[in-house]
Amino acid sequence: MELECKKNELREMIDMIESEETVDRVGKYLKRMLTREQPPCQYTIEELKERLEEAEEDFRMGRYYTSDELRKRHPLCK
């Protein structure tokens, strides 16, 4: 029953869309989601904690770039 409630909620949100462009974007997104064999990246809590610890260690050790440094290295990324 919970699934039907969520589907109805989605239908109501779709009915509120007034832009054809938005409808197209939502439709494309839904098609992509429904045809994926594997869901997008999903980490366990332990994996997230490990990645966070690694990132914090990199920061403490000065192994990072500022936004300005990245823009200088990769001028196409604005």
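Colleague: Where does Cys41 lie?

Modeller: Cys41 sits in the loop between helix 2 (20-35) and helix 3; helices here are DSSP runs of H or I with at least four residues, numbered from the N terminus. This is a predicted model, where local features need pLDDT of at least 70. Residues are numbered from 1 along each chain as its sequence is written.

Colleague: Why is Cys41 called exposed?

Modeller: Its relative accessible area is 59%, and exposed means over 50% (buried is under 20%, partly exposed in between, with a 1.4 Å probe and protein chains only). So Cys41 counts as exposed.

Colleague: And what makes Leu76 exposed?

Modeller: Leu76, in the segment after helix 4, has a relative accessible area of 85%, so the over 50% rule puts Leu76 in the exposed class. From Leu76 to Glu50 there are 26 residues in sequence and 32 Å in space, C-alpha to C-alpha.

Colleague: Where is confidence lowest and where is it highest?

Modeller: Going by pLDDT (the predictor's confidence in each residue, from 0 to 100), helix 4 (residues 67-73) is lowest at a mean of 88, and helix 3 is highest at 95. The protein averages 89, with 97% of the residues scoring at least 70.

Notes. This is a predicted model: local features need pLDDT of at least 70, side-chain atom pairs count only at pLDDT 80 or more; totals for chains, interfaces and linings use all residues. Side-chain values use heavy atoms; hydrogens and water are left out. Helices (H or I, at least four residues) and strands (E, at least two) are DSSP runs, numbered from the N terminus.
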